[in-house]
Amino acid sequence: MKNKVKPYRQLAELTQAELAEKIGVSRQTIHAIEKGQYNPSILLVLKIASVLDKEVEELFLIEERDWLD
Amino acid sequence: MLLFLIGGVAGILNFYGSWEWDLLDYSSSSENTLVNLGDQNFTNELALSFVLIGLLILCFTKVPHEDEYVFRHRLLSWQWSVLINYILLFIANWTLYEGAFFSVMLFGMLSVPMIFLIRFYFVLFSMHNHEE
């Protein structure tokens, strides 16, 4: 799964720490999500989408290989 | 942590130095053959209990700002510790005998939480070193 959290976060002029504080997680969690090292829960995805004022599908994109897992 | 340290020191003194706390002496004259403790000293039992309880408290204490990502690492660390523990036991089964194997079995009682703590806090330390 790919995500566009980093560009949309930068567009919203938020640092990783600020986004993390708004959704109640650590900065390291945002770092891991942006790097694609961690797929967040549905709750966290909805919180990120809400703070960045975007649709979930704009932020998180399913890839061809995800269907094969 | 204090419980773990007290238990650890008492356990090492008991295991390697045969030290026993006289207050924990017990003598039974019971005729009951099913539960007959005989003459016992409970220093090693108490030390092991302290170590186990101390380790479990350390393992299950939440870290500051524990979120779902940290929780995932917590679960993965348990998984790793169980796997490594059984690999070590398997190796010990074929390489160590008698007294040495008994020592490993004793360590095996503590190795799962200890490996967990090492792996979990190493991952947390690595995470905190990532720069934006």
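Helices (H or I, at least four residues) and strands (E, at least two) are DSSP runs, numbered from the N terminus. The model is predicted: local features need pLDDT of at least 70, side-chain atom pairs count only at pLDDT 80 or more, and totals for chains, interfaces and linings use all residues. Residues are numbered from 1 along each chain as its sequence is written, while chains are lettered from A and ligands numbered from 1 in the order in which they are written.

**Exercise 1.** State how many helices and strands chain B has, and in what pattern they follow one another.

*Solution.* Step 1: chain B contains four helices and two strands. Step 2: along the sequence, these elements of chain B run α-β-β-α-α-α.

**Exercise 2.** Compare the radius of gyration of chain B with that of a compact globule of 132 residues.

*Solution.* Step 1: the radius of gyration is taken over C-alpha atoms, and the globule rule is 2.2 Å times the number of residues to the power 0.38. Step 2: a compact globule of 132 residues would come out near 14 Å, but chain B has 19 Å. Step 3: along the principal axes, the C-alpha atoms of chain B fill a box of roughly 70 × 35 × 30 Å.

**Exercise 3.** Describe the domains of chain B and the contact between them.

*Solution.* Step 1: chain B is divided into domain 1 (1–61) and domain 2 (64–132); such bounds come from an automatic or database domain assignment. Step 2: the centres of the two domains of chain B, taken over C-alpha atoms, are 24 Å apart. Step 3: two residues are in contact if their C-beta atoms, placed from the backbone, lie within 7 Å. Five residues of domain 1 of chain B are in contact with five residues of domain 2 of chain B. Step 4: on the side of domain 1 of chain B that touches domain 2, the residues divide into five nonpolar, no polar and no charged. Here Ala, Val, Leu, Ile, Met, Phe, Trp, Tyr, Cys and Pro count as nonpolar, Asp, Glu, Lys and Arg as charged, and the others, Gly among them, as polar.

**Exercise 4.** Describe the contact of chain B with chain A.

*Solution.* Step 1: eight residues from chain B and 10 residues from chain A take part. Step 2: in chain B, the elements giving two or more residues to this side are α3 (68–95) and α4 (98–128). Step 3: the residues on the side of chain B divide into two nonpolar, three polar and three charged.
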